[in-house]
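Hi,

Here is the structure I promised to pass on.

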Amino acid sequence: MEIEGITKAFRRYTGKKQFCAVGALKTNIGHLDNAAGIASMVRAVLALGKKEIPPILHFEKPNRNINFEDSPLYINKVLLPWNTAGFPRRCGVSAFGLSGTNCHVVLEEPPANAEKDERQNEV
């Protein structure tokens, strides 16, 4: 259901296929119940900071009801550098799992000069 929803959202703006990696923390450390959302947020922030796309571990094959071939999404199986085409890196974190409440947060890396400006302010 989540993959279908994300695909529909992308399809409003592009027909490109398999350009957005799907992430899952559960394969790395198991299900965390109420802590799943914040753990996923930390993973997303680290991915943005390191400029790397973390893999989904132990992935073998997708659910047969998910059509990744025609989707903007793909399953990343190895650690990859997060290259961009001049656009800021962005990622979404969803299904926070707080008492059954789900939400979606979009994170974006800071502008390249923001980090430099902060260091200048420390002097």
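Buried here means under 20% relative accessible area. Thr7 has 17%, so Thr7 counts as buried. Bear in mind as you read on that this is a predicted model.

Thr7 sits in helix α1, which covers residues 2-11. A polar atom of the Thr7 side chain is 2.9 Å from the backbone oxygen of Ile3. Beyond its neighbours within four places in sequence, Thr7 is in contact with Ser71, Pro72 and Leu73.

Now the cores. Which residues make up the largest nonpolar core? There are 10 of them: Met41, Ala44, Ala47, Leu48, Ile53, Tyr74, Trp82, Cys91, Val93 and Leu107. Two elements give two or more residues to this core, namely α3 (36-50) and β5 (90-94). Of these, α3 gives the most, with 4 residues. A second, separate core has 6 residues, including Ile3, Val22, Ile56 and Phe68.

Leaving out neighbours within four places in sequence, Val93 is in contact with Gly37, Ser40, Met41, Ala44, Cys103, His104, Val105 and Leu107.

Together with Ile38 and Leu46, Val42 makes a nonpolar surface patch of about 280 Å².

On to charges. How many salt bridges does a search of the whole structure find? It finds 4, and three pairs are described here:

- Lys8 and Glu4: the closest N and O atoms are 3.4 Å apart. Both residues are in helix α1, 4 residues apart, so about one helical turn separates them. Lys8 is exposed, at 53% relative accessibility.
- Arg89 and Glu109: the closest N and O atoms are 3.0 Å apart. This pair links distant parts of the chain, 20 residues apart, with Arg89 in the loop between β4 (80-81) and β5 and Glu109 in the loop between β6 (104-108) and α4 (112-122). Are these two buried or exposed? Arg89 and Glu109 are both buried.
- Arg90 and Glu108: the closest N and O atoms are 2.6 Å apart. Here too the pair links distant parts of the chain, from strand β5 for Arg90 to strand β6 for Glu108, 18 residues apart. Arg90 is partly exposed at 45% relative accessibility, and Glu108 is partly exposed at 45% as well.

Last, some backbone angles. Most residues other than glycine have a negative phi. Gln18 has a positive phi, near 50°, and is not a glycine. Gln18 lies in the loop between α1 and β1 (20-22) and is partly exposed, at 41% relative accessibility. Lys51, also not a glycine, has a positive phi of about 55°. Lys51 is in the loop between α3 and β2 (52-53), and its relative accessible area of 40% makes it partly exposed.

Cheers

Methods: Residues are numbered from 1 along each chain as its sequence is written. This is a predicted model: local features need pLDDT of at least 70, side-chain atom pairs count only at pLDDT 80 or more; totals for chains, interfaces and linings use all residues. Side-chain values use heavy atoms; hydrogens and water are left out. A nonpolar core is a set of buried Ala, Val, Leu, Ile, Met, Phe, Trp, Tyr and Cys residues joined through side-chain atoms within 4.5 Å. Buried means under 20% relative accessible area, exposed over 50%, partly exposed in between (1.4 Å probe, protein chains only). Contact means heavy atoms within 4.5 Å. Patches are made of residues with over 30% relative accessible area and no salt bridge: like charges are joined within 9 Å, nonpolar side chains (Val, Leu, Ile, Met, Phe, Trp, Tyr) within 5 Å. Accessible areas come from the Shrake-Rupley method with a 1.4 Å probe; for residues, only the protein chains shown count as cover. A salt bridge is a side-chain nitrogen of Lys or Arg within 4 Å of a carboxyl oxygen of Asp or Glu. A polar contact is a pair of N or O atoms within 3.5 Å; within protein, one must be able to donate a hydrogen and the other to accept it, and residues adjacent in sequence count only if both atoms are side-chain atoms.
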